[in-house]
Amino acid sequence: MIQKIVKLLFFSSCLVFLSSIKQAQASNHCESPQPSSIDSNNTLILHSNSFWETQNLGDYGDNVDAIITDMPEALKNNVNMSDYNRAEQLRWAIRVANNITPRPAHTKVMVASCDYNFSEQHNAHPDTPVDGIHNAFLPKLFIKADNITIEGVSDQPTPRLYYSGKGFDGQHHGRVVLMVPSKTQGITIKNLSFEGDHHWNHIQNPAYTLHENNDNLYFNGRDRRLWSGMIMIGLAGGSNDVTVDNVSIQDPARSGIAIVGNATIQNSVIKGSIPLAHTENMLSELLNASGALSAHLNINSAGMGFHSGIAQQFSYGPIHVKNNTIQNFVEGVNGNGQEWVITGNTIKEIADHAIYILSNMKPSIIEHNKIEMILSAAIKLGGRTCLDSATQCMLATDPLAEQTRAGAYKTRVQFNTFKLIPRTSVLLSGTFNTIANNTIVPYNPADDTSTGSFYNPAKDPTNVYPDFFFSTSGGQTQKDSQGHNYWTNHFAYNTVAYNTKGSEELSVFISQRMGHRDRSIGMNVIKGPGQKVYFHARKDSRYAPLISVSAGTTLYTGGKPDCIDCIGNPVAQGYRSNLEPLWAKAMTMEDSNGSGIPHLLVKLDNTEEDVFLIGESGIHERINAENQALDIKAIADLDGDGIDEIYFQDNSTGLSGARLFLTGSEVENRKLNDIASTRWTFHNANQDDLVASQIASLKGAEPDQLITNWAGSSELLGSAFDGLGNPVSGNAIYHGAHNTSVNKLQAADLSGVGEIYSANQELYVALDDKKVIGVYWDAHTSSWKNQTVYSGTQTLSLMEPGRLRSTEPKQRMYQRYSSNTIYESRPASSGSLPAFGSGSYFYNGSATSDMLVAADLNDDGKQEMISHFSQVTNKIYYGQEMNGVLNSTQGTIYDGFTSPKLITPYNSADKVERVISLFNQSWAIYLSEGLRSNGHNYVNYIYSKALANTH
């Protein structure tokens, strides 16, 4: 026992000895000043403990003498100075730097290695404008001129600028030690230590958290009582050029650094007074503290930003936060819409959020940060974004428009490490963001140094959240008179890729919240092994909930099962339980420049059967009204304006047309029309059922026609125009026999018969009397003609025109009849149509083809024939001509886990022919990517890979 006491005494004496050496060194530097001078670059160097000695200042000497005329002689001293007098001395040095004339190229105030006590200094720095704004904060030091550096000497102990106790009003403790006004340029604050007296046991007492002149922080009706920092950069508005470098800030009242506009904060340590989690209800205690502040100030809510490492307001330029340590605050870094670069920081022991940025963010970077011991969402971006009236906030906004209220925008959250985060690592709403290559360290009790394992997510079931929480609400709520939250944003066009959580599952939840304004969760890509995605998609949303997963990520409806706050487990009423696409068809729309923009109509969710328009413009909106079942029969530009129309049936046997866009400008700007206002009657069927329909270009230079056949006859009706210019059903182009029904229609350009100037298609009609006829327009006689091309013993099952042979300008027809053989029609003889049911064999095997689609996947000027065989369910083959020989199974474009339900042509913006594929029991839309040299092409699925504009 005696030995232990002796050891303790020895170590104690060592600490006292080391402390005394440090104090002696500081005192030595403090009382042994270096001379102030001016260097060869016209930089004026003012040492805070020698600037009044002007013999080395050249032409600036007289001006310095004039500025310090009223400086007390007691301050022109370096021996036995009190810390208060040192603070006064430094205030005079700043006055010289601010007012020296003519202005040097740069002025450096070298702060001596002393202690500077501002506790009893209750007046604003003399250079502070008396404007009711700046002077109200009573800044102890005020830099008003450009090109000034205030710094401690790098090879000496860091100068300590501190305060404690009650301030000007005899009640509140908060102080502003250093202020730089807005629009100031070329300012550096470096190698300094700032120290306040705020402590955890004061947290519930507003007197310790508010500014010393709290009651007077109003100007023109603006309440600034919650806005102050130990260092304040900017206030009235405007862009700043201020760098804070290698600074230490400890125990501030409100914020360590408060910024209006922009600044660079780097290589600094900013520590508050919030300790490690040590109680069950630490967040509740802080909420109570916020409530106490609100009551003290008589406001609705003080929020949780009342104690922050770095706090920012308003957008006047980029903010750089680099290589800092920020710890022991309620909020680490918080602010609003701005361009942020937050890299290489350690942010830890934060009660609420390590990084908390609201409003419309400009493209920002949050990378390579180490974030640990955060009780709430570690990074929270894009929450409250609508500050105008609720009516404006409720307006529909385009998620692709840069000016939309879209929350976080084009922000990269990458290469960050999250550790001891009991809730969510990233909570985000916004568009075009990338959340990639982040590492979440699984909880390890050995890492948790809190008393009570308070960073263990399993400790409290209400604390179980997904690792990434993406939402249209962004975690903020402000309701209108109808109870709808209007502080909401789109979560769309984001990429979440290759984030990891050791050997554990990394959970992602995407929430399209009910009771909020309708915002998109579409066009998001999530990829990488070990990521499990849960989602809530509203049935009443106008936006297609297109979520792509790949490379080992899996997708599930509903919320994370053990997450109590993931409303509705597994799927709540009003949310979709199925995203399987049922049908798809390509369409093209020309923009105002005449450029065709590819789109895709998709019928989604067999419980709702909603039809969505997805476009390479980025649009992904529903075209049908709620509970309106659309049966789309054709898509075509019959009126020749460059914009496809849709032709559909809904609640009657008749056929209607509708325009989704009226102008190229609407296409370009994604201004989708309500089809209820643009529809017209194409054909009044009088209770007859539509049997078949086909778009065909039968008269070359004239617009396409929609050919229809109705129950009761084999008559084929062409199309014409009504008095308003709407396409409508026209006269018969083929009458046929009354007792013969139409089986199939197909348009193709197989022959030059009847043509004069342009290539016309022919219409091939399969009849149920085992005949196939060809109908064509004879331009020589201006009449419709027809010719039998097949009359045999088999019923035609499939026919698809294709251009597989590079030596021929015309297509050939590929036909399968009752047998498994697929024929390729011979070239047509002059003056006639080609014969069907004979010619070359494209396929002559034992399997039965149930799909044929032609497309030039290789982009080499000739097409491949895509086929699927019912006996080989999980493969899609392509066939092609090689050296004059046809091979129907040259290779596969799909060899997977399920069978296709639909293959349809698609021309993307690069003008390359592709195919879209839908599969049974699959929520994906697959898009082919061309033929690979190895003969196998696994099509690249995605709702959003090729169908979303990168903007």
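A: A residue is called buried under 20% relative accessible area, exposed over 50% and partly exposed in between, with a 1.4 Å probe and protein chains only. The model is predicted, so local features need pLDDT of at least 70 and side-chain atom pairs count only at pLDDT 80 or more, while totals for chains, interfaces and linings use all residues. Residues are numbered from 1 along each chain as its sequence is written, and side-chain values use heavy atoms, leaving out hydrogens and water.

One disulfide (a pair of cysteine sulfur atoms within 2.5 Å) is counted. Its partners are Cys 30 and Cys 114, whose sulfur atoms lie 1.9 Å apart. This pair links distant parts of the chain, 84 residues apart. Cys 30 belongs to helix H1 (residues 2-31), whereas Cys 114 lies in the loop between strand E3 (106-111) and strand E4 (115-117); helices (H or I, at least four residues) and strands (E, at least two) are DSSP runs numbered from the N terminus. The disulfide of Cys 30 and Cys 114 is right-handed because the torsion about its S-S bond is about 110 degrees. Cys 30 is buried, at a relative accessible area of 8%, and Cys 114 is buried too, at 6%.

As for strand pairing (at least two DSSP bridges between two strands), four strands form an open, antiparallel sheet in the order E52-E53-E54-E55. Strands E52 (690-696) and E55 (727-734) each have a single partner strand, so one side of each has no neighbour in the sheet. Six bridges join E52 to the antiparallel strand E53 (residues 705-710), and Leu 690 stands opposite Trp 710 in E53.
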